[in-house]
Amino acid sequence: MSEKIKRFEERKNELKKRIAVAENHKRAVTRVVHELLHEYRERKISHQDYHAKLREVLGHKSAEEWIGYYDKYIEDCRKHIAACDKTI
């Protein structure tokens, strides 16, 4: 295997790892939001606590914005993988 092909294969593997991490983060955002919503609906936390905890976890972005961010990142990684495949 040439050095160039090896570098592209390593790049593809790194991108695949990044996709896996982004998918895990995306699932974590969804899980946390659902857990907090469940606690709120069960009256375990107040409306104010619900929003405070969401801000604590999500920062200044909404869950939808984070999901969109991760989807775009995953899409970009897949495009880079496709480019590596074309080069190989």
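**View 1. R43 in the loop between α1 and α2****.** R43 counts as exposed because its relative accessibility is 75%, where exposed means over 50% relative accessible area, buried under 20% and partly exposed in between, computed with a 1.4 Å probe on protein chains only. The phi of R43 is near 65°, a positive value in a residue other than glycine. Most residues other than glycine have a negative phi. The model shown is predicted, so that local features need pLDDT of at least 70 and side-chain atom pairs count only at pLDDT 80 or more, while totals for chains, interfaces and linings use all residues. Residues are numbered from 1 along each chain as its sequence is written, and side-chain values use heavy atoms, with hydrogens and water left out.

View 2. K12 counts as buried, because its relative accessibility is 10%. When neighbours within four places in sequence are left aside, K12 is in contact (heavy atoms within 4.5 Å) with I81, C84, D85 and I88.

**View 3. Helix α3, residues 63–87****.** Helices here are DSSP runs of H or I with at least four residues, and strands are runs of E with at least two, numbered from the N terminus. Helix α3 has 25 residues and reaches 36 Å from its first C-alpha to its last, close to the 36 Å expected at 1.5 Å a residue, the expected span being 1.5 Å times one less than the number of residues. An α-helix has 3.6 residues a turn, so residues three or four places apart point the same way.

**View 4. The three helices together****.** The protein has 3 helices and 0 strands, which follow the pattern α-α-α along the sequence. Its C-alpha atoms fill a box of roughly 60 × 15 × 15 Å along the principal axes, and the radius of gyration is 19 Å, whereas a compact globule of 88 residues would have a value near 12 Å; this radius is taken over C-alpha atoms, and the globule rule is 2.2 Å times the number of residues to the power 0.38. Buried residues make up 20% of the 88 residues. Among contacts between residues at least 6 apart in sequence, 72% join residues at least 24 apart.
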